[in-house]
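Here is a colleague's note to read beside the coordinates. The points are numbered so that each can be checked in turn.

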Amino acid sequence: MSSHKAMDTVASAAALKDASPRAHTVGQRTPLIDGIEKVTGRARYTADLPFGETLVGKLLRSPVAHGVIRGIDTSKARAMPGVRAVVTGEDFHAPYGVIPIAQNEWPLARDRVRYRGEPVAAVAAVDEATAEAALAAIVLDIEPLPAYFKAADARATGATLLHEKKAGNVEREVDHVFGDVDAGFAAADLVREHTFNYAEVSHGQIELNATVASYEPERDRLTLHSVTQVPYYLHLTLAQCLGMDSSRIRVVKPFVGGGFGHRVEPLNFEMVTGALARAAGGTVRLEQSREDSFLTHRGRPETDIRLKIGMKKSGEITAVDAEIVQRGGAYGGYGLVTILYAGALLHAIYRLGAVKYRGWRIYTNTPPCGAMRGHGAVDARHAFEGMLDMMAEELGLDAFEVRRANLITAPYRTLNDLQVNSYGIPQCMDWVEQASGWKERHGKLPRGRGIGMACSHYVSGSAKPVHWSGEPHAVINLKLDFDGGITILTGASDIGQGSSTLLTQVVAEVLALPLARIRVVATDSALTPKDNGSYSSRVSFMVGNAALRAAQAMRRTLMEAAARRLEVSVDDVEWEGEYCRVAGTDRALAFAQVVEAALAEHGTLTVKGAWSTPPETQGGRFRGAAVGSTAGFSYAAQVVEVTVDEDTGAITVERVWVAHDCGRAINPLAVEGQVHGAVWMGMGQAMSEENQYHEGLPMRPNFLDYRIPTIVESPPIEVKLIETNDPLGPFGAKEASEGALHGFPPALAAAIRDAIGIRPDNLPITPDRLLEAIHARRRKERLQAAKPAASAQGQ
């Protein structure tokens, strides 16, 4: 800042313009603002935080999958030197769950255990060896109950209920009908029905789970640092489970090494660490292993789908009848939302004549499932796109042709009351069709090589939050002080997706200031405004809009201060960022002068921006209508090229072309990275990832046995960003990190069909399964060839 005398001087606009050209940041390829910390190793994740000497927290897990807890004897553990605290389920005030109407999980099992590995007790000790010895000293008395590891077994007549008042072990049943389904099938020229199965998969985030909790007994205050994606929901859950007033709790999210939905709900170890810290009257650090992450789980559930579609010769879809069963695991979590998403997102991508959907989310004695990237819709999209291809082939239609027969025109209201305001699938399909050489190559490549395509979509945040309080969906505070820097205060969680960079770009664009003037302070409940968290791709759309409004409010405040200093009407002030001027003149003020003028009256400036989804985007009035509703849908199309070795069943992905309608790419560099990540995650689910259990014991709880594709398997991925400028999105932007995931698995299956004539119905498509399908076809061909020969011999 210059001297006060300089502040009083009205400068030349021309000189200021030459010295400080107007900054533009939206649409620019911008490195992430926290990238330097990450690549240099300076970023501090939860396990890195320098708290000095802390107590070590450890969990004791159930050795059985289902049973009544008759007793937990902790006396020997409590008596051991160096043990500072021991807690069990009885030390908690209430159960929890991210959905208010489905809170049936205790941080430590109480009365009954429901999956193998469920935490039943925890200790805090002076070192790891003492903590391990204390766990070994705890004596469990658990009376086994029948356990069910498949949804069908849990639903069987006479099965023991995992939870009271949940008949048939059904967590949530959905029965939705839109339009005249029977008439739709009657009008169809072709009706086909098929079944599909999808393995349970996990998130595979790199950072291991960790929480550090510090309790001040003198003040009855708890501060908790954790790996969460949802600090606000964690804050509420800590207060509920520990029976504490929320005002005595502080939650801080440090750097997070990925989430993908694993951390999108409060997790048991977080509440347990808080309880241990309170019981010990100090600071407890609880770090988990990779196996612990698999047991904490919250991944995509094993799913069975029966899908029936009616279609006219033109490819027009006349009716859809879908039944989906999900193995949800032991507790509620996001389960009722997941099963609703699976049906809701059958809509809003194509025009459908009529739709019937029935869904069942089933309790089983396996680790709880939850939200995972592409929440609820990935498996159903694979089934739907696969059926389109099967039926198009039978009708002699090209894959692109059948989809173009069902395109919608925005704005559009779906049968289930979802609002579509922008729709880029036509442009997405045009690009991947041309870029891949589809017309020249599909069905014409050498045997063993093929290409396939699929389309997909996803929400830009849920139009109604999990905890409906009537508050704005998103709030941003901006602070401006004597140094001339703008501080963004946000509760939104950057978990690697680049949301803090996006908010910085939005604010910088509105204020026409360079990024260097702006800093971000995020996710500290003592400093930043509440935010619902990073889930369902909500941050860019919702928090981005709040940042836009906050920046506009700051600009108005600064322009008013400049007008007072220049003694003109605010309407005569032209804002240029590092300076402003009086329209039609050369009279101007530097940014530093404007700041001084603004601070002169009130001191430090703090402005707020808030945003909520418009009512028309919040869904219909039927039960479950809020799930699937959003202020903006993203769209994508992709083509996958593969080679298949018919002697081994090995599949190699040679190339991927993907076009993604992100509305407007605020940061094209980050958006392209997110699309790449979505394709990679879709590739993992499609080709190798799978959770398997033996009597409830996870068989792949590590990254050796749980096969995630590496850079070795990664193909070249060509990304095209389609910009449809959504009318509600900030600068037209919408979702960019989940939609492309849904399209890879069906495109892969279609490519395998083109390569060797077999279309896999189940995921993952592992070499052994594909080889078995190849052998089955060969056996069938031999039998068919033998029939004419046998007939000839008989003559």
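Which side chains meet in a salt bridge at 2.9 Å, N to O? The side chains of D661 and K734 do. Point 2 takes up this pair.

1. Ground rules. This is a predicted model, in which local features need pLDDT of at least 70, side-chain atom pairs count only at pLDDT 80 or more, and totals for chains, interfaces and linings use all residues. Residues are numbered from 1 along each chain as its sequence is written, and side-chain values use heavy atoms, with hydrogens and water left out.

2. The D661–K734 pair. A salt bridge here is a side-chain nitrogen of Lys or Arg within 4 Å of a carboxyl oxygen of Asp or Glu. D661 sits in strand β28 (residues 651-661), and K734 in the loop between β31 (717-722) and α20. The two are 73 residues apart, so the pair links distant parts of the chain. Helices (H or I, at least four residues) and strands (E, at least two) are DSSP runs, numbered from the N terminus. Both D661 and K734 are buried. Buried means under 20% relative accessible area, exposed over 50%, and partly exposed in between (1.4 Å probe, protein chains only).

3. R298 and E265 form a salt bridge through their side chains, at 3.6 Å from N to O. R298 lies in the loop between α10 (290-296) and β14 (302-311), and E265 in the loop between β12 (249-252) and α9 (268-280), so the pair ties together parts that are 33 residues apart in sequence. R298 is buried, at a relative accessible area of 0%. E265 is buried too, at 1%.

4. Other salt bridges. The whole structure holds 51 of them. Side chains of opposite charge can pair when their charged atoms come close. E713 pairs with R707, with the closest N and O atoms 3.4 Å apart. Both ends are partly exposed: E713 has a relative accessible area of 32%, and R707 has 37%. Elsewhere, salt bridges that share partners join R381, E385, D389, E393, R403, R753 and R759 into one network.

5. The α17–α18 crossing. The axes of helix α17 (residues 539-566) and helix α18 (residues 591-602) come within 8 Å and cross at roughly 95°. That makes α17 roughly perpendicular to α18. Roughly perpendicular covers 65 to 115 degrees; angles under 35 count as roughly parallel, over 145 as roughly antiparallel, and the rest as oblique. The axes are lines fitted to C-alpha atoms, for helices over the stretch in contact, with angles running from 0 to 180 degrees between N-to-C directions. From α17, L558, A561, A562, R564 and R565 meet residues of α18. Their partners in α18 are F591, Q593, V594, E596, A597, A598 and E601.

6. A561 at the crossing. Is A561 buried or exposed? A561 is buried, with a relative accessible area of 1%. Neighbours within four places in sequence aside, A561 is in contact (heavy atoms within 4.5 Å) with V594, A597 and A598. The C-alpha atoms of A561 and A598 are separated by 4.9 Å, though the residues are 37 apart along the chain.

7. E171. This residue is found in strand β8 (residues 170-178). E171 is buried, with a relative accessible area of 7%. Beyond neighbours within four places in sequence, E171 is in contact with K166, Y331, G332, G335, L336, R361, I362 and Y363.

8. Backbone points to check. The peptide bond from A410 to P411 is cis, with omega near -5°. P411 is placed in the loop between α13 (399-404) and β17 (412-413). Another cis peptide bond joins L763 and P764, where omega is about 5°. P764 is in the loop between α20 (739-756) and α21 (767-794). D220 is not a glycine, yet its phi is positive, near 55°. D220 lies in the loop between β10 (210-216) and β11 (221-226). D220 is partly exposed, with a relative accessible area of 26%. E695, also a residue other than glycine, has a positive phi near 55°. E695 is in the loop between β29 (693-694) and β30 (697-698).

9. A surface patch. W680, I711 and V712 make a nonpolar surface patch of about 360 Å². W680 belongs to helix α19 (residues 668-687). W680 is partly exposed, with a relative accessible area of 35%. Patches are made of residues with over 30% relative accessible area and no salt bridge: like charges are joined within 9 Å, nonpolar side chains (Val, Leu, Ile, Met, Phe, Trp, Tyr) within 5 Å. Accessible areas come from the Shrake-Rupley method with a 1.4 Å probe; for residues, only the protein chains shown count as cover.
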